[in-house]
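Please look at the sequence and the model below, and then read this report on a few of the places in it.

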Amino acid sequence: MKKALYSGLCLLVAQSTMQAFAAKKPNVILILADDLGYGELGCYGQKTIETKNIDALANNGIRFTQHYAGSAVSAPSRSVLLTGLHSGHTPIRGNDELSNRGDVWSHQAMLENPALEGQYPMPADTYTLGKMAQEAGYATAMIGKWGLGYPGSASTPNKMGFDFFFGYNCQRQAHSYYPMFLYRNEKRVYLDNAPLLVPKQSLNKKADKYNPESYKPFSRKQYSGDLMFEELSAFVDKNVDKPFFLMWTTPIPHVALQAPQRWIEYYVKKLGDEEPYTGSAGYLPSRYPRATYAAMISYLDEQIGHLVDQLKRSDIYENTVIIITSDNGATFNGGTQSVFFNSNGIFNSEKGWGKTSLHEGGIRVPLIVSWPSKIKTYRESGHISCFYDYMSTLAKIMGGKSKQTDGISFYNELVGKKQQEHSFLYWEFPEGSGQKAIRMGKWKGLWQNIRKGNSHLALYNLETDPREQYDLAEQHPDIVSKMRTIMEKEHVVSENPKFNLNNPW
């Protein structure tokens, strides 16, 4: 009798434990790299830069081949991601540094006056992924780079749905990995990185550019990537027993070229000697620019490996969704060498075809999703998706509500069910000469130099011409006309005149 009672109790405990595990909402970790090109990961064809931990996640998850960022540069792409609204609707549509405040590019001035930090803010009532996750019962954190509002504004991470923030409020501050300060929530945390390291310097003309000692003035003690990962790891430890949503918005691999020395040395041995970068294209000099750029990405990959190990030790890995993507395509300045690394992969890696461009190399980005309890084996997905799909997708995963979105949930694609497809994807980019783009099935419409009066919309067949070399607009005027109509309809006038892009026809 006692034995039967004991066995029955054990069974009830086991069933209760299983039910509790099944009922626990999955954790979500969204890793957003900065300027990571479509071709810079091993699982997307990279041959030089090593990314074994990211590749391992891809090999046990889903690798998307037709995923798009929200825009061609940082702030608007992040605004699209956080709001679920495309760049004709989202609050932030370009990088507005609010230069009317004063010398916003002076790091000395920003050090002395926090009112010069940060970018144009989102409105106070903006509904974000963070707010949706909070309403769904999640602990929320953003660790990394913000860039969507200045300190003290209504648009800081803590006011936009994140219980905890650690990192750079201002994206200009993130141009150095050895800053004088970072933010913990709303307050500065000063670092042991004196004297102030000002980005956009060139090597002293009298210095020997081939001597590594000449580059020591461009490094300091505390590397922001190390500090941010410590905070990230602590947040995960703190929330092991409850669901959490973590946005890790790492600045890597955005220039300046700065990486831990051990990784630089690893790639110097692998790649051999190279011509130094002395600062001619902005940011900071580097003795070994190729080795340092590769080092930055492998350092991030190493950190992701440490995070996965931590999740496994805490027995929460199986029930954690890990998403890895990038805010736009690879950059062209600061000593980076996109052509050498073939950074945009199957797309053009030349300047003008990556970051700041609505060409495929500027907006087509990696997307890897790992969810061990739901995704058991590797799959490659050709589903066409975009940053503004995350609001509805994560709402489905978290049990939250998507109050607004231009997107379509790709949850069914994750779990192997029939997936709804987009009728079109849309982008507008008001910076520079102005650009708009649209994706309709295999067709890509690209309209450039709008502010210069250009009215021609180029048309490409991405199935046969992914590098966008052959303009087929004259052969398909009906498709071009339909795209123009959609572009006209999808633009809503912004309160910020810098973000408006009027059609010249």
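## A reading of selected residues

Asparagine 193 sits in the loop between strand 7 (187–190) and helix 6 (224–238), where helices (H or I, at least four residues) and strands (E, at least two) are DSSP runs, numbered from the N terminus. This is a predicted model, in which local features need pLDDT of at least 70, side-chain atom pairs count only at pLDDT 80 or more, and totals for chains, interfaces and linings use all residues. Residues are numbered from 1 along each chain as its sequence is written, and side-chain values use heavy atoms, with hydrogens and water left out.

The protein chain averages a pLDDT of 95, and 95% of the residues score at least 70; pLDDT is the predictor's confidence in each residue, from 0 to 100. Over residues 10–22, however, pLDDT stays under 50, and for these residues the model has one contact beyond four places in sequence, a contact being heavy atoms within 4.5 Å.

With a relative accessible area of 0%, asparagine 193 is buried (buried means under 20% relative accessible area, exposed over 50%, partly exposed in between, with a 1.4 Å probe and protein chains only). Not counting residues up to four places away in sequence, asparagine 193 touches Tyr178, Pro179, Met180, Arg220, Lys221 and Gln222.

| Side chain | Partner | Distance |
|---|---|---|
| Glutamate 360 | Tyrosine 68, side chain | 2.6 Å |

Glutamate 360 belongs to helix 10 (residues 360–363) and, at 0% relative accessibility, counts as buried. Leaving aside residues up to four places away in sequence, glutamate 360 touches Tyr68, Phe347, Lys444, Leu462, Pro466 and Glu468. Leucine 358, in the loop between helix 9 (338–341) and helix 10, is buried with a relative accessible area of 0%, and its contacts beyond four places in sequence include Ala72, Trp427, Lys444 and Leu446.

How do helix 2 and helix 8 cross? The axes of helix 2 (residues 52–59) and helix 8 (residues 289–313) come within 7 Å and cross at roughly 55 degrees, the axes being lines fitted to C-alpha atoms, for helices over the stretch in contact, and the angles running from 0 to 180 degrees between N-to-C directions. Helix 2 is therefore oblique to helix 8, since angles under 35 degrees count as roughly parallel, over 145 as roughly antiparallel, 65 to 115 as roughly perpendicular and the rest as oblique. Lys52, Asn53, Ile54 and Leu57 of helix 2 make the contact with Asp301, Glu302, Ile304, Gly305 and Val308 of helix 8.

Most residues other than glycine have a negative phi, and most peptide bonds are trans. The peptide bond from isoleucine 252 to proline 253, however, is cis, with omega near 5 degrees, and proline 253 lies in the loop between strand 8 (244–249) and helix 7 (261–271). Another cis peptide bond joins valine 255 and alanine 256, with omega about 25 degrees. Lysine 200, although it is not a glycine, has a positive phi of about 65 degrees.

Notes
A polar contact is a pair of N or O atoms within 3.5 Å; within protein, one must be able to donate a hydrogen and the other to accept it, and residues adjacent in sequence count only if both atoms are side-chain atoms.
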